[in-house]
Amino acid sequence: MNPGLPSLDELYREVILDHYQSPRNRGRLADPDVASAGSNPLCGDEIELSLRIRDGQVADVAFEGRGCSISQASASMMTEAIKGRPLAEVREVLGAFKRLMTERDATDVDLAALGDLEALQGVRRYPVRVKCAVLPWNVLQESLDLYRAGQARARAREE
Ligand code: ZN
């Protein structure tokens with residue numbers, strides 16, 4: 001079976017397939033603080049993300065989804081990269097990964113901070129597949145924005 005993986009370096013392929021076949025943090029949180037979903041109609045990818053946020057940190061995160069190996073592996077890697085991190089750092093990782101995927105000369109990106117996500121940098125050569133890799137991150141972006149808006153509303157009610 002070919003899960004739709006473009007030709008990438010062997011090592012990167014293995015990392016991506018490992019996340020695709022054994023996704024980390026898969027499922028739905030019972031009582032999330034924020035949840036969001038998105039799709040990439042071009043490829044048929046769907047991602048649903050739920051987050052529990054405590055003391056300004058991602059206390060827990062889970063995703064459901066279907067679609068190609070790139071989108072699902074990216075979601076799995078993303079949950080590993082953000083779990084337990086303060087929201088400010090999560091936004092940094094989000095920005096760094098998007099730059100890695102969309103900018104030709106993203107030399108300032110700290111690959112070590114991205115962990116397994118580094119394996120997706122080869123996807124940059126396939127513009128159509130970049131949308132697959134970035135989809136979970138767009139859903140994350142929306143979740144963070146929703147959460148922030150909710151916090152602002154809660155503060156406004158208190159005042
Ligand atoms: Zn895809």
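Reader: Is Cys-43 buried or exposed, or partly exposed?

Author: This is a predicted model, and Cys-43 lies in the loop between strand S1 (34-40) and S2. Its relative accessible area is 34%, and since buried means under 20% and exposed over 50%, Cys-43 is therefore partly exposed.

Reader: And what about Cys-68, is that residue buried or exposed?

Author: Cys-68 sits in the loop between S3 and H2, 25 residues apart from Cys-43. Because its relative accessible area is 7% and the cut-off for buried is under 20%, Cys-68 is buried.

Reader: Which element gives the largest share of the largest nonpolar core?

Author: This core has 46 residues, of which Phe-97, Leu-120 and Leu-140 touch the most other members. Among the elements that give two or more residues to the core are helix H3 (87-102) and helix H5 (127-158). The largest share, 10 residues, comes from H5.

Reader: How are H3 and H5 oriented to each other?

Author: The contact between them includes Phe-97 of H3 and Trp-137 of H5, and H3 passes H5 in a left-handed crossing. Their axes are 10 Å apart and the packing angle is about 155 degrees. Because angles over 145 degrees count as roughly antiparallel, H3 and H5 are roughly antiparallel.

Key. Residues are numbered from 1 along each chain as its sequence is written. This is a predicted model: local features need pLDDT of at least 70, side-chain atom pairs count only at pLDDT 80 or more; totals for chains, interfaces and linings use all residues. Side-chain values use heavy atoms; hydrogens and water are left out. A nonpolar core is a set of buried Ala, Val, Leu, Ile, Met, Phe, Trp, Tyr and Cys residues joined through side-chain atoms within 4.5 Å. Buried means under 20% relative accessible area, exposed over 50%, partly exposed in between (1.4 Å probe, protein chains only). Helices (H or I, at least four residues) and strands (E, at least two) are DSSP runs, numbered from the N terminus. Axes are lines fitted to C-alpha atoms, for helices over the stretch in contact, and angles run from 0 to 180 degrees between N-to-C directions. Angles under 35 degrees count as roughly parallel, over 145 as roughly antiparallel, 65 to 115 as roughly perpendicular and the rest as oblique. A crossing is left-handed if the near helix is turned anticlockwise from the far one by less than a right angle, and right-handed if clockwise. Contact means heavy atoms within 4.5 Å.
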